[in-house]
Amino acid sequence: MMRRTVASTPDIQILVATNEHRDSIRGLCLFVGGPRDHVLLFFQQPFLSEDFVPFVAVRDSVAVGVACALVLEPYVWLMGLRVHPDWRNQKIAQRLVERITQFATMRRQPVKAVVLAANAPAVRVFTNAGFAAQSGFTLMEATIGAVRPSHFWDRTVAREAIAPERAEIASFLSAHYPLAFDHANLFGENFVWRPISSNDELERLIASRRLLISHDGLGAVSGVAVVNNEPDRTVEIGRIWGEPAPFLWHIIETTAPPRLRWYLSGEAEEDQARQFRFQISSTGPSERRYLIFTKGSA
Ligand SMILES: CC(C)(COP(=O)(O)OP(=O)(O)OC[C@H]1O[C@@H](n2cnc3c(N)ncnc32)[C@H](O)[C@@H]1OP(=O)(O)O)[C@@H](O)C(=O)NCCC(=O)NCCS
């Protein structure tokens, strides 16, 4: 494809993707992000649903750009923004972002996106589209051998939560982390932050054996954690509410993955992770610090 130099490309249409675009989008994501591009996970069945709406930038029926709207009340998360290298710097990404902003505005929901802080073009796209940067999160990693939770462990045991504990977990979270839909109630998964507050979400997590709880001496819930078992055998810690040591200990004893990855928001959490010998993970030269961009009021 020839590199084009015009500032905008009216012959490129931004459309809601349909099944007919699926292969072309997959090809684009594979080309831009490689086979492990996390956004590929979202292009499995069902392709289009009320909660997941991909938008595509099309030229001659071929996808040259894509971005997806993932509706997770109360936000719309913009995910998987990708533009083919031959078509960059022509505002295609900005048009996709603006289209998803329109989609969110019609639903009266703010739109949010996670962007690697070191990704200058992506930061520029969201700034150009009028988004405000909020403090985001950091991904930190540790090898299983490096983590030593026993120094901090008060013998509180963590285990998988079971369905009848749902109400107790919800009341623990709302008592200790009461800001509904605030960052405090969100957990990281596939680079978006999901709210844990809804019953459906708790059910989903418990059913998939990803929700862990710890108990105090009286048997009451004293901590909650969400874990994601990644295909590369890394265990991802989406969030820990409470003392981390029992959860780390549980993961080491039960799963013993080669690596652990932890979504952390704020410096206090990063310091905590450092105590357990987690380090900021890096892919090549880019630090894994992320910003969250937002547009629209909550
Ligand atoms: C990020 C990406 C989607 C941007 O697509 P795009 O269609 O080129 O974006 P736009 O044309 O709307 O805007 C790009 C902006 O970045 C700027 N830019 C490009 N390279 C840059 C660089 N190295 N440093 C700083 N700014 C840069 C451009 O000048 C332009 O800003 P301007 O319009 O104010 O001049 C595209 O580069 C991409 O697919 N990257 C790989 C996947 C990715 O990182 N996705 C983002 C995940 S959130």
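Tutor: A polar contact is a pair of N or O atoms within 3.5 Å; within protein, one must be able to donate a hydrogen and the other to accept it, and residues adjacent in sequence count only if both atoms are side-chain atoms. The model is predicted, so local features need pLDDT of at least 70 and side-chain atom pairs count only at pLDDT 80 or more, whereas totals for chains, interfaces and linings use all residues. Residues are numbered from 1 along each chain as its sequence is written, and side-chain values use heavy atoms, with hydrogens and water left out.

Student: What makes the link between the side chains of Glu-189 and Arg-210 a polar contact?

Tutor: The side chains of Glu-189 and Arg-210 are joined at 2.6 Å, which lies within the limit and therefore qualifies as a polar contact. Glu-189 also makes a side-chain polar contact with Arg-204, at 3.4 Å.

Student: Where does Glu-189 lie, and why is Glu-189 called buried?

Tutor: Glu-189 belongs to strand 8 (residues 186-189); helices (H or I, at least four residues) and strands (E, at least two) are DSSP runs, numbered from the N terminus. The relative accessible area of Glu-189 is 9%. Buried means under 20% relative accessible area, exposed over 50% and partly exposed in between (1.4 Å probe, protein chains only), so Glu-189 is buried.

Student: How do you know that Ile-240 is buried?

Tutor: Ile-240 has a relative accessible area of 10%, and therefore counts as buried. Ile-240 is placed in strand 12 (residues 234-241). Its C-alpha atom is 9.6 Å from that of Glu-269, a residue 29 positions away along the chain.

Student: How many aromatic pairs does the structure hold?

Tutor: The structure holds 8 aromatic pairs. One of them is formed by Phe-126 and Phe-131, with 5.2 Å from centre to centre and 75 degrees between the planes.

Student: What makes the pair of Trp-262 and Phe-276 tilted?

Tutor: The ring centres of Trp-262 and Phe-276 are 6.5 Å apart and the planes stand at 50 degrees, so the pair is tilted. The pair links distant parts of the chain, 14 residues apart: Trp-262 is in strand 13 (residues 259-264), while Phe-276 is in the loop between helix 7 (267-275) and strand 14 (279-280). Trp-262 and Phe-276 are both buried.

Student: Which residues form one aromatic cluster?

Tutor: Phe-126, Phe-131 and Phe-293 form one aromatic cluster.

Student: What makes Lys-112 a charge over the ring of Tyr-75?

Tutor: The charged end of Lys-112 sits over that ring of Tyr-75, at 4.7 Å from its centre. The term applies if NZ of Lys or CZ of Arg is within 6 Å of the ring centre and within 35 degrees of the ring normal.

Student: Which element supplies the largest share of the shell around the ligand?

Tutor: Helix 3 supplies the largest share, 6 residues. Strand 4 (75-83), helix 2 (92-106) and helix 3 (120-128) each contribute at least two residues to the shell.

Student: Why is Asp-60 called exposed?

Tutor: Asp-60 has 64% relative accessibility and therefore counts as exposed. Asp-60 is found in the loop between strand 2 (52-59) and strand 3 (62-72), and its phi is positive, about 50 degrees, although it is not a glycine. Most residues other than glycine have a negative phi. Ser-61, found in the loop between strand 2 and strand 3, has a positive phi of about 65 degrees and counts as exposed because its relative accessibility is 56%.

How values were computed
Phe/Tyr/Trp six-rings, centres within 6.5 Å; stacked < 30°, edge-to-face > 60°.
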